[in-house]
Amino acid sequence: MSRLPDWVGRLGAGLTRLAARLEREEAAARGDESGGGGAGRPPGPAGGPEPSPRRPEEPHEAHRPEEPRGPQEPPEGGEEAEGPSVPAPPAYAPAVAPRPEPVDAVPWGVRVAAEAGWRLLVLAGTVYVLMQVISSIQLVVFSFTVALLITALLEPTVTRLRLRGVPRGLATTITFIGGFIIMGLVVWFVVWQVMENVDELSDKLQDGIDDLRRWLLHSPFHVTEKQINHTAKSLREAVGANTEEITSAGLEGVTVVVEVLTGILLTMFSTLFLLYDGPRIWRWTLGLVPAAARPGVAGAGPRAWATLTAYVRGTVIVALIDAIFIGVGLFFLDVPMAVPLAVFIFLFAFIPLVGAVVSGALAVMVALVTQGVFTAGMVLVVVLAVQQIEGHVLQPFILGRAVRVHPLAVVLSVAGGSLIGGIGGAVVAVPLVAVVNTAVGYLRAYSRESALRATSRPHGATVIATAPTPPPEPPGEGGA
């Protein structure tokens, strides 16, 4: 046991000399790489004193007999071995997989659904706020929309007059006055026909009610006169109980008349300025669009206007044909108020699908009350025949591919428009959907074409910014 401290000391000295030699070789290699050559003696490790040269009496480490290795123990007496101490090996932690980021732990489908969800919420909020704003200024919005429809109907006349050399102001004045005079005459004619035939219709209606009462008494339903009288008494009591509501409704009718007159004036002024100054209004509207989206909107605008013009003109032609044929059928079947009913059919034709059903039902009801079941059946046959010819021949031939809206979209848009704006909303819903469909389709094609041009550009090509070209004017220089 007395030789144990000497053996430990020699082991520590040998390890110290081995470490010093490795450091010298590493320093020499660094010096050769840096171009300094082997001149000079490399410094000691970590700025410490240079190691002393190996003594000649000590054998080389390679020829030193191998001594047993064991755990290093400090020398007796608490004295440490000469030279720097050998650092202990690092403690390796067990291999534990790091936790993923929270966003990486969410499945891809859920992330896509969340991204789409909050965008849909923002869009729904925007639409809701927009609907609230439109509801607060409903009269102005509806008047301007009707003015757009009337402008789409009258604008080709302005264009034809200008091609014949008529100044723009005079052409606009002639078209505006003539168009509103014709529409006013149509309204006056309907009111005049109704007032002329209201007495006859009342008598016919009373006779029809008496016939219906007699038929119910002798019908297989076994309806008694006591039940009929009880029903009539209930109706009279309901009218008497709601007298106050009817009076308030009459007072509100004055407000409705004022609003109607205001809407008519707004529509007339809007139509006049759209006919006269349509191109300038369109250029001003384009100025509100961001510059990056302006070329696409400038191309989509004329196409949307062409769709609106084709829709209005085609609807007017189809409605006129329906009114003429159904009116002639009512006249030959000797139905009272054939002309006012034909005018109602013409006006209701501007509400797709729903308007035809309502106007046809009104004609059948008048024929049933005034002329009987057989005449009402014949009127129903005439109405259905004309509507079938309209749906399968007239609309595809007249409108063609200019207005392509699926029937389901037509029904949903009419229902939504009627819920939002009543009859006016139902009238403007379908042309609005047609215009939006055309504009969105063009913008999608424009975006795809722009992406193809960007990918076909040579790599590294420089895009030279040029001044934007002036936007094209709507067709006929009179579009809105």
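**Entry 1: the whole chain**

I began by listing the secondary structure, and the protein chain comes to 12 helices and 0 strands. I kept in mind that this is a predicted model. Read along the sequence, the pattern is simply α-α-α-α-α-α-α-α-α-α-α-α.

Next I looked up burial: of the 480 residues in the protein chain, 24% count as buried.

Then I turned to contacts between residues at least 6 apart in sequence. Of these contacts in the protein chain, 71% join residues at least 24 apart.

**Entry 2: helix α8 by itself**

I picked helix α8, which covers residues 294–332. I wanted to check its length against what a helix should give. At 1.5 Å a residue, its 39 residues should span 57 Å, and the end C-alpha atoms are 57 Å apart, so the two agree.

I then stepped just past the end of α8, where I found Asp334 with a positive phi of about 60°.

**Entry 3: where α4 meets α8**

How do the axes of α4 and α8 cross? Helix α4 runs over residues 138–163, and its axis comes within 9 Å of the α8 axis, crossing at roughly 85°. Angles from 65 to 115 degrees count as roughly perpendicular, so α4 is roughly perpendicular to α8.

I wrote down who takes part. From α4 the contact uses Leu148, Leu149, Thr151, Ala152, Leu153, Glu155 and Pro156. From α8 come Trp305, Leu308, Thr309, Val312, Arg313 and Val316. Sorted by type, the residues of this contact are 9 nonpolar, 2 polar and 2 charged.

**Entry 4: a closer look at Thr309**

Is Thr309 buried or exposed? Thr309 lies in helix α8, and its relative accessible area is 7%. The cut-off for buried is under 20%, so Thr309 is buried. Leaving aside neighbours within four places in sequence, I found Thr309 in contact with Ala152 and Pro156. Both of those belong to the α4 side of the helix contact.

**Entry 5: Ser413**

My last stop was Ser413, which sits in helix α12, residues 407–456. Its relative accessibility is 12%, so Ser413 counts as buried too.

Which residues does Ser413 touch, leaving aside its neighbours within four places in sequence? I found Ser413 in contact with Ala429, Val430 and Val433.

Notes:
Residues numbered from 1 in each chain as written. Predicted model: local features only at pLDDT ≥ 70, side-chain atom pairs only at ≥ 80, totals over all residues. Heavy atoms only, no water. Helix = DSSP H or I, 4+ residues; strand = E, 2+ residues; numbered from the N terminus. Buried < 20%, exposed > 50% of the residue type's maximum accessible area, 1.4 Å probe, protein only. Contact = heavy atoms within 4.5 Å. Axes fitted to C-alpha atoms, helices over the stretch in contact; angles between N-to-C directions. Parallel < 35°, antiparallel > 145°, perpendicular 65-115°, else oblique. Nonpolar A, V, L, I, M, F, W, Y, C, P; charged D, E, K, R; others polar. Expected span 1.5 Å × (residues − 1).
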